[in-house]
Amino acid sequence: MTSIAVRNPRTGELDYQIDDMDAAHIGAFVSAAREAQHAWAQGGLAHRTKALLAWADELEKNGAEVVAALSVDTARHRISAEELGAVIHFIHGFCEHAPTVLATPFRKLEAHPDVVFKVTYAAYPVVGVISPWNFPLVLSFIDAIPALVAGAAVIIKPSEVTPRFIEPLRRTIEAVPALANIITLVTGGAQTGAAIVAQSDAVVFTGSVPTGQKIATAAAQAFIPAFLELGGKDAAVVLAGADVVRAATSILRSALYNSGQVCYAIERVYAHDSLHDALVEELRTQAAALKRSNAAGDGGHYGPMIFERQAAIIDAQLDDAVSKGASIVLGGKSERINGAVWIDPTVVTNVDHTMTLMTEETFGPIVPVMRFNDDAEAERLMNDSMFGLSGAVFGPDTHTAGDFATKMEAGGVSINDTELPRVMMFDGEKTAFKKSGMGGSRYGATSIMRYVRKRALLANEGAVASLEKLAESEI
Ligand code: NAD
């Protein structure tokens, strides 16, 4: 088996390696998962919930090694601890909501009172999960947990860029015997991911649009459903009369969280002419006060870039923007220090849609601000994108901003704040618009239903129709 060398984002060294599993390896895991899944599904929801909650306890008690490895993978500590907490939260939340979501009451059919009817659910036996490097743990489980609750076994392939947490995480899964071959973590890159798509019964993918398109094509060939959670280019529109300080703080929090390596980060800002200059100044002042984290991944507000190649993409977007007339007000291109690649918070003005900085995903801590003169112009600009993940609107009040928000072609719009969909995990639903994804909402407890097929059971408690029906139904 070939292996993949893994770069340490804090030192730049290739100090870890993983197996690049091929189709034969994945085939063996899928067979074992398919066999184990039968008992997992037949055991019922109570059995599955008990095993998953036992795993959540194990993560609670023995998750420190997972967090330590994830901190090396991502060069950040606090967010790694948050990722573990989020997975524990997903387990508790989906287990709590599942009895309601998966309830299958009998009922009479109104049009045929003799017929009793019920829908039962049959999980896809093996769900493949392929995840990216920006939140390696959370994005490996945000969809896997509802699939498991539904009764599927999962084969999960985290990104080859951030795989150190896999080994300690496997140990926590092994501590719960009921999860053997039900949660399988595999390692590898594109060929491993492709093998998962080819051999699973459904696939859920979080990553870039180009890879998502390849996966959709492969899933169509394999004739399986693909749930795609892809990239974004979230816009924030700051309407006349908005609170500039509030908007600046909220935009920066979204744009700079995890050094901007977030699918729903604000990546472009449209500011009304009346407040554009004040907003830029506020963004500059607040962003200039933020600090780099220390070598332990603690302290400060942001860490080095996780994926070296992303920094090169960001640099190229900044070069392109500056060559077309953009001005860098704060920050700038990447800087290499002791092997780590840093990009400081960067505010850019005089931007327009001829620049890749305003049209392609940046995935870094860059805040480009463009001026607009009226709401119609703002509407045209915010929707002039192939992406439609989410966005934000700031205005003088909820009503004005909310009215404008209904025009945004995106699956989640925050009003007078950013990133609000994050707080609705089990309560609300949202779907990605345009090329930001496909396949129903991962938000809301009902996302469990993505992983089941519906089997209608119908019992006739009256007389069967006579053969005269054959004659009656003749045309
Ligand atoms: P990527 O598309 O390069 O890779 C994602 C995963 O796909 C990796 O595990 C990779 O090994 C695998 N892969 C690559 N080629 C494959 C193939 N042909 N078949 C199967 N699997 C394959 O994305 P990335 O660079 O790891 O992550 C960044 C991207 O993820 C950004 O576009 C970001 O917006 C997106 N993202 C989206 C969300 C969301 O919820 N919508 C969340 C986080 C990240």
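**Exercise 1.** How many nonpolar, polar and charged residues does the lining of the second largest pocket have?

*Solution.* Note that this model is predicted.
- Step 1. Start with the space: the second largest pocket has a volume of about 750 Å³.
- Step 2. Its lining is made up of 41 residues, and Val138, Ile142, Tyr264, Arg422 and Tyr443 are the closest to its centre.
- Step 3. Sort the lining by class: 22 nonpolar, 11 polar and 8 charged residues.
- Step 4. Look for the main contributor: α4 provides the largest share of this lining, 6 residues.

**Exercise 2.** Find where Glu83 sits, and decide: is Glu83 buried or exposed?

*Solution.*
- Step 1. Locate Glu83 in helix α4, which spans residues 78–101.
- Step 2. Apply the cut-off: buried means under 20% relative accessible area.
- Step 3. Glu83 has 2% relative accessibility, so Glu83 counts as buried.
- Step 4. List its contacts beyond four places in sequence: Leu70, Arg76, Phe135, Pro136, Leu137 and Val138.
- Step 5. Check Val138: its backbone nitrogen lies 2.8 Å from a polar atom of the Glu83 side chain.

**Exercise 3.** Why does the largest pocket lie between domain 1 and domain 2?

*Solution.*
- Step 1. Take the volume of the largest pocket, about 1,300 Å³.
- Step 2. Its lining has 46 residues, with Trp133, Gly207, Ser208, Thr211 and Phe307 nearest the centre.
- Step 3. Helix α9 gives the most to this lining, 6 residues.
- Step 4. Compare the domains: domain 1 (3–230 + 436–459) and domain 2 (234–424) both give lining residues, so the largest pocket lies between them.

Notes:
Residues numbered from 1 in each chain as written. Predicted model: local features only at pLDDT ≥ 70, side-chain atom pairs only at ≥ 80, totals over all residues. Heavy atoms only, no water. Helix = DSSP H or I, 4+ residues; strand = E, 2+ residues; numbered from the N terminus. Buried < 20%, exposed > 50% of the residue type's maximum accessible area, 1.4 Å probe, protein only. Polar contact = N/O pair within 3.5 Å; in protein donor to acceptor, adjacent residues only side chain to side chain. Contact = heavy atoms within 4.5 Å. 1 Å grid on protein atoms, 1.4 Å probe; cavity = no way out; pocket = protein on both sides within 12 Å on 5 of 7 lines; lining within 4 Å. Points joined across faces, edges and corners; volume = space filled by probe spheres on them. Domains from an automatic or database assignment. Nonpolar A, V, L, I, M, F, W, Y, C, P; charged D, E, K, R; others polar.
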